[in-house]
Amino acid sequence: MPHTSIVRFGLILATALVVLAGLVTSVFYLSRPQVQPVAEDLDKPVMATQIEFLAEAMQRSAAQIAAHPQTLACFASAAPEVCQAQAANLHALNQDATVLFVTDGQNQLLPGFLPGETRRLIAGSGQKGAGAAATFSLSLSYPVVNAEGKRLGFVIVEQSVPQLQALFDTLPLPDAAAYAELQQSQGDSAVSVLMRRGNQAIKRNVHPTLIALAGTPWTIAVWRHDKPAIENIAPYAMGWLVASLAIAILVMGIMLSVRNRVTDSLRMLVKLTNDLRQQRLRAEYPVSLAEFKPPLETMLKLGKVMLGRQKEATSQARMDHLSQVNNRRSFDEKQKELFASLKDGWSHSLLILDIDNFKQVNDTFGHEAGDQLIIKFGEALKACLRNSDFIARLGGDEFCVLFPFTPLERAQELAERLRAKMPESVELIPGVTQKLSWSGGLSEYSRDDKGENEALARADAALLEAKRGGRNATRVRAVA
């Protein structure tokens with residue numbers, strides 16, 4: 001299985017979240033509301049509504065004038081006084097409008113000039129009997145028909161639209177880059193531009209949206225700047241990039257923090273293992289992650305048990321199993337340690353002890369009694385000596401006491417005090433009591449010795465002298 005790391009997991013997680021953020025952004029982009037501009041809603045609130053309302057009112061007025069009896073009398077008689085009387089009545093009713101009576105032969109029954117726009121209006125009125133022509137004025141025609149249904153001519157109603165420029169200036173455009181024109185049809189597919197607004201450069205590349213003003217020859221043409229696809233996607237792409245960056249920073253920050261905490265916790269485990277190897281344990285091993293605490297506590301408990309057993313085994317290996325004092329191996333190590341410190345100016349002494357009449361006890365009462373004598377003797381030594389004194393059993397009934405940092409004269413005093421404090425007798429087995437006495441040889445380590453066992457040999461020689469001299473005594477053999 002290939003090795004991986006927390007950082008690699010973080011990169012994988014960050015990549016997955018970035019891809020997911022991209023998918024979510026795509027869903028938002030595809031499901032965004034598509035705003036379809038409605039051409040009719042662009043201008044009707046201001047311009048188209050008012051112009052169309054004005055055209056409709058003029059159309060109704062023209063129809064009423066065409067059906068009026070005096071209008072029919074004017075067209076039937078062509079008498080100037082009849083026509084002028086009707087014209088005066090109409091002017092009194094609406095002074096802002098101009099009314100013309102024109103026959104089918106384009107003869108004007110009322111005095112005044114008949115504009116060319118009006119002539120084209122009459123020529124193109126067709127069968128519907130209504131039309132419009134305008135520059136900054138609005139003109140509408142309506143046919144005049146007699147009782148037999150014969151068309152006699154047309155009523156022309158003209159009214160200026162002074163607010164046209166203001167209405168066009170308030171025309172709401174889709175955006176600042178849009179362009180608009182107020183166009184007027186010329187009847188032969190040609191149009192003339194009455195007003196302009198906006199950026200005319202956009203007109204070369206974009207098709208316009210045409211908004212016809214009902215009842216008039218006017219059309220509003222609007223050119224909108226179509227945003228490229230990249231401009232529509234850019235905000236979503238930027239949002240995805242920002243979200244991806246935030247995700248990457250957040251995930252990598254969390255992963256690095258987790259990695260550091262895991263590393264710290266693993267260092268604690270390594271420290272625990274190293275302490276166990278060195279046979280020591282600290283009071284606490286703090287970890288950063290809660291997941292590491294239970295296994296570390298378990299390992300610490302097992303380590304304490306293992307260290308306790310190891311210390312117990314080590315202690316047992318260094319102790320004499322019978323007397324429960326140090327064995328010969330521990331004695332050799334301690335003696336070597338003391339001998340090495342002589343070069344620093346320290347003085348150390350040693351006392352070898354032999355239990356008197358030990359063989360006689362074995363032969364008389366058995367080995368069980370002899371073992372009890374060794375045990376009792378070891379207990380008495382530990383009870384009567386200092387804590388700093390090192391007691392060891394060298395073998396059989398032979399013991400040795402090391403007096404660290406103690407010169408020979410002081411060691412003599414300690415040996416005499418030991419003999420005085422030792423119990424006179426001990427019970428070996430039920431009914432058997434033995435007098436407790438011992439012979440000893442005392443000597444001192446010297447820097448002139450070639451080895452640590454030379455002091456031991458001198459003490460052993462002193463012990464032999466004590467035995468030969470009648471036992472229950474201590475002899476001293478100083479350095480020659």
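## Ground rules

Since the model is predicted, local features need pLDDT of at least 70 and side-chain atom pairs count only at pLDDT 80 or more, while totals for chains, interfaces and linings use all residues. Numbering starts from 1 along each chain as its sequence is written, and side-chain values use heavy atoms, with hydrogens and water left out.

## Helix α9

Helices (H or I, at least four residues) and strands (E, at least two) are DSSP runs, numbered from the N terminus. Take α9, residues 328-340: its 13 residues reach 18 Å from first C-alpha to last, close to the expected 18 Å at 1.5 Å a residue. That expected span is 1.5 Å times one less than the number of residues.

Which residues of α9 are buried? They are S330, F331, Q335, L338 and F339. These cover an arc of only 160° around the axis, so they sit on the same side of α9; the arc is taken from the directions from the helix axis to the C-beta atoms. R329 and K336, on the other side of α9, are exposed. For the record, buried is under 20% relative accessible area, exposed is over 50%, and partly exposed is in between (1.4 Å probe, protein chains only).

Strands β7 (residues 209-212) and β8 (residues 218-223) run antiparallel and are joined by four bridges; strands pair if DSSP finds at least two bridges between them.

## Rings and a charge

Rings of Phe, Tyr and Trp (its six-membered ring) pair if their centres lie within 6.5 Å; planes under 30 degrees apart are stacked, over 60 edge-to-face, and the rest tilted. The count comes to three aromatic pairs. W346 and F405 make an edge-to-face pair, because their ring centres are 4.9 Å apart and their planes are at 75°. The pair links distant parts of the chain, 59 residues apart: W346 is in the loop between α9 and β9, and F405 in the loop between β11 and α12. W346 is partly exposed, at 45% relative accessible area.

Elsewhere, the charged end of R419 sits over the ring of W438, 3.7 Å from its centre (NZ of Lys or CZ of Arg within 6 Å of the ring centre and within 35 degrees of the ring normal).

## Cysteines

The structure holds one disulfide, meaning a pair of cysteine sulfur atoms within 2.5 Å. C74 and C83 form it, with their sulfurs 1.7 Å apart. The link is right-handed, with 100° about the S-S bond, and both C74 and C83 are buried.

C384 counts as buried at 11% relative accessibility, and C400 counts as buried at 0%.
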